[in-house]
Amino acid sequence: MDETIAPRRWQSSSVLYGCDYNPEQWSRDIWDVDVALMREAGIRLVAINIFGWSTLEPRPGEYDFEGLDAIIELLHANGIAVNLGTGTSSPPAWLTTRNPEILPVLADGTTRWPGGRQAWCPSSPVFRAEAFGLVAKVAERYAAHPGVALWHVSNELGCHNALCYCDVSAAAFRRWLETRYRTIDALNDAWGTSFWSQRYGAWEEILPPRATLSAGNPGQRLDFARFSSDELLDYYRGEADILRAASSAPVTTNFMVTAHIRSQDYWQWASDMDVIANDHYLDSRLPHPTSELSFAADLTRGLAAGEPWMLMESSTGAVSWQPRNLAKAPGQMLRNSLTHVARGADAVCFFQWRASRQGAEKFHSALLPHAGIDSTAWRETLELGAALEAITEVAGSRVDASVALVFSWQSWWATEGDSQPSSDVRYLDEVHAAYEALRASGVTVDVVAPGSDLSGYRVVVVPCLYLVSDDAASSISAFVAAGGTALVTYFSGVTDESDRIRMDPTGATTPGAFSAMLGAWTEEYFPLLPAETRTLSAGSAASRWTEIVRPTTAETVESFVDAAVVGSPAITRNGFGAGVAWYVATALDEPSFATLVARVLAEAGVTGAGDSEFEVVSRSSDAGSWLFAINHSAESRTLDATGTELLTGAVVAGSLTIPAGAVRVVRMTAER
């Protein structure tokens, strides 16, 4: 087709149950068994051809679609929709053998070889030509197939190859910089290249931030991270354009909003997706894995601008890539899955359908485990299918929230750059700490980008927003001036978008993007050693970070009582316009942070129904409202509610008891 077909947004009239399937790993006689079991479990969407390149194109220019034809027909005949991958996520051996220049190069100049996955440079024109050629063949063959409900571009773009430092990437980086800055003088100004004689006289002198003998240039590193995210987005657009020219089915790729991937600025990617899809796996390395799951779901909903989204991948139990891959306890898969649904997911999908016998992920859990259908895992697969069917009416509704948390991938990159006051300050840890404090108060949180419209919220939390633009800082100040409440934590508003310290050389204004709103500014940082702690005047405990804070109009709520910062404010509160801005100049311990957040919320008139172990989330639409109650604790909990509980069919008249480890979903009856 010559004319681009307008894409349609993905939407579902039910909560879909889905999975990845890799039929190329199994003999044909297994396919019929698998599809029959999928139907029994309630599977309605299956992702295929995710890693299909070497099967579809076993030799250059020779294509074999017979197997893919057969599995698509089998799924479609059984009423199961297809999420069709383009097959481009990992190149076949013949391509990397014939064109080794497509392989990614690390900052130290060493090449990464085939044998794993994503062994390709995002800037490589050779790789793009070959990959786009395959996409065109797949699109041409299946664009009109009624079974294809969704296109799946590549897979987890940037999971392993986001940063490539080869000469091809260097040339692409220079083109990106020239587009961004227009003149070499503007780049020199942004990067501060007068420092250490780094000034550039021509674009061709610039390299990626390859390994150096000393600390590198922070502006260069930050821009290379931006470029790398944009380069992969550009690659996505190349595949998506081919698919949209051939088909009206929606197009997406699976994001990785999770605790260990930070290479893409998904705020910049979101508008290119016909549906936001995320892969999330419980991370047992974290102090609060369940809290991180909820945060990731809320952030994914933020990327979807509040619209329903897809959980494209998750696990029934253990994964295969953590140091200790823990299985999930009975009931945990249901709780995890319905937490995603409570926070806006209208599809719950798993990697994968049948557990692999071979390869790097052979110990990764699956809906159909190695143990087969006579297993606890399979019975939980059936249980989840029944639960999703029972709550299918919530599809299309939106999550209700009155609190926002500002999150920035670019601030994450900059905060953890070289030569900061403390390498112990980890951006995501600070974000998670703020989120956990909010969760302890039982409130639902929208995670929003810097500069977002905040007018619909009553409280906004700004954790460790080290790098912030003028416009983004102004949006927070305007929110407070209009009557909102903001809670800002330490090391926030320090630099502008070029990572330049915010200061007025004339001394006419105080440092920091938020100093006027906070009614205070920071004179000096005093980071702590790993074992050090500090006590605050009202008994709060803190670690990691302290500051000398200079109030201008703010009142001191708590102050430091020991060491170099004795007497300096640690927590301040400032009336600003019609609102209030709080500042926390240290890393409070978990109980102290929870106590402070509870105070801030109560003062702003915001209340929650749950706590850290008992999540209560509301979804609503014109058709009604639904209350999700997820009990992670070992004790039963009671909740005020009136309506019908969908999982059990019970009538709820004023009060509902949720057993330990259980989930309940109530269709609320409107109050008269």
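Before the views, a quick bit of bookkeeping: Lys and Arg count as positive and Asp and Glu as negative, while His and the chain ends are left out. Each charge is placed at NZ of Lys, CZ of Arg, CG of Asp or CD of Glu.

This is a predicted model, where local features need pLDDT of at least 70 and side-chain atom pairs count only at pLDDT 80 or more, while totals for chains, interfaces and linings use all residues. Residues are numbered from 1 along each chain as its sequence is written, and side-chain values use heavy atoms, without hydrogens and water.

**View 1. Where the charges sit in the protein chain.** There are 49 positive and 80 negative charges here, and their mean positions lie 2 Å apart.

**View 2. The protein chain as a whole.** Its C-alpha atoms fill a box of roughly 75 × 75 × 45 Å along the principal axes. Of the 672 residues, 58% are buried (under 20% relative accessible area, with a 1.4 Å probe and protein chains only). Take contacts (heavy atoms within 4.5 Å) with a separation of 6 or more: 72% of them join residues 24 or more positions apart.

**View 3. Helices and strands.** You'll find 17 helices and 27 strands in the protein chain; these are DSSP runs numbered from the N terminus, with helices being H or I of at least four residues and strands E of at least two.

**View 4. Helix α11, residues 332-342, mostly covered.** How many of its eleven residues are buried? Eleven are, among them Met333, Arg335, His340 and Val341. After α11 comes Gly344, with a positive phi near 115 degrees.

Definitions and conventions: Buried means under 20% relative accessible area, exposed over 50%, partly exposed in between (1.4 Å probe, protein chains only).
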